[in-house]
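Visitor: Could you walk me through a few local features of this one? I'll jump around a bit.
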Amino acid sequence: MGNAVCHPGEIPSGNRDLDDQLAFKHNGWKTVRIFMSSRFGDFHSERKILVKKVFPDLQLWCQARRLHIVDCDLRWGIPKDNNETQTLRMCLDEINRCKEENILPFFVNMTSERVGWVSLGKEVPETIRNEYKWVDHLSATEMEMIQAAYRNDNPNALFLLRDSSFLEDVPEEHKAVFIDSNELAPYKLRMLKKMIKDTYQKERVIRYMCSYKGYNQKTAMAQLDGLDGEFSNAVRIEDA
């Protein structure tokens with residue numbers, strides 16, 4: 001068994017009641033929801049390979065065990081006219097939905113060199129603050145980590161840290177896709193990555209390499225290559 005994010009064996013053993021609750025049962029099948037956490041624009045390539053290649057392979061493995069995989073990729077579910085607060089609400093609500101079905105949600109976080117939107121406090125409504133125990137000065141992605149993984153010491157969380165060496169080949173005009181302009185971003189990212197490494201077991205934190213492939217003018221997306229290796233294998237299941 002490799003570093004699979006949805007393998008029932010990740011459930012702590014010796015607790016049959018918890019095992020029975022961890023996934024929704026319907027006609028003998030269990031539904032397993034996998035929440036993908038990252039900024040959208042700079043992780044387009046990773047999300048694409050997960051949805052197009054990794055999860056379909058995982059679905060075949062799971063079907064043989066009466067497990068139904070639902071990948072929660074909110075790139076396609078968020079209206080374009082949503083503001084940051086509305087988007088945040090949708091993401092946190094989806095994490096809660098994963099918790100309702102799986103209790104310890106299956107959570108894949110991808111982190112690199114961008115922090116993203118950080119709330120200064122006033123932008124977050126009281127309803128979200130109270131419901132999710134909001135922490136000021138954290139990014140939306142950091143709050144997803146706290147909600148899905150940190151507060152419940154979730155053993156089903158997987159953290160994929162992208163090595164920054166690929167940036168050497170990214171043209172200057174496209175580096176803003178991958179590098180945060182916020183002057184506090186490097187410090188926040190160092191602290192975040194340290195927290196991830198210090199908090200979670202080594203097999204739950206995977207550092208992977210990739211290379212810059214180019215910029216697709218049609219989709220207006222920078223593309224990365226070399227992800228069908230360390231990155232993909234961290235999520236795939238390997239039968240013993």
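Visitor: Where is Ile103 found?
Guide: Ile103 is found in the loop between H3 and strand S4 (106–111), where helices (H or I, at least four residues) and strands (E, at least two) are DSSP runs numbered from the N terminus. This is a predicted model, in which local features need pLDDT of at least 70 and side-chain atom pairs count only at pLDDT 80 or more, while totals for chains, interfaces and linings use all residues. Residues are numbered from 1 along each chain as its sequence is written, and side-chain values use heavy atoms, with hydrogens and water left out.

Visitor: And what is the phi of Ile103 near?
Guide: The phi of Ile103 is near 60°, which is a positive value in a residue other than glycine. Ile103 counts as partly exposed, at 30% relative accessibility, on a scale where buried means under 20% relative accessible area, exposed over 50% and partly exposed in between (1.4 Å probe, protein chains only).

Visitor: Switching to helices: at roughly what angle do the axes of H3 and H5 cross?
Guide: The axes of helix H3 (residues 84–102) and helix H5 (residues 140–150) cross at roughly 15° and come within 10 Å; axes are lines fitted to C-alpha atoms, for helices over the stretch in contact, and angles run from 0 to 180 degrees between N-to-C directions. H3 and H5 are therefore roughly parallel to each other, since angles under 35 degrees count as roughly parallel.

Visitor: Which residues meet there?
Guide: From H3, Leu88, Cys91, Leu92, Ile95, Asn96 and Lys99 meet Ala140, Met143, Glu144, Gln147 and Ala148 of H5, contact meaning heavy atoms within 4.5 Å.

Visitor: How many disulfides, then?
Guide: The count comes to zero disulfides, a disulfide being a pair of cysteine sulfur atoms within 2.5 Å.

Visitor: Last topic: where is His137?
Guide: His137 lies in the loop between helix H4 (126–132) and H5, and has a positive phi of about 70° although it is not a glycine.

Visitor: What is His137 in contact with?
Guide: Leaving aside neighbours within four places in sequence, His137 is in contact with Val118, Ser119, Leu120 and Lys188. His137 and Gly121, 16 residues apart in sequence, are 7.2 Å apart in space, C-alpha to C-alpha.

Conventions:
Angles under 35 degrees count as roughly parallel, over 145 as roughly antiparallel, 65 to 115 as roughly perpendicular and the rest as oblique.
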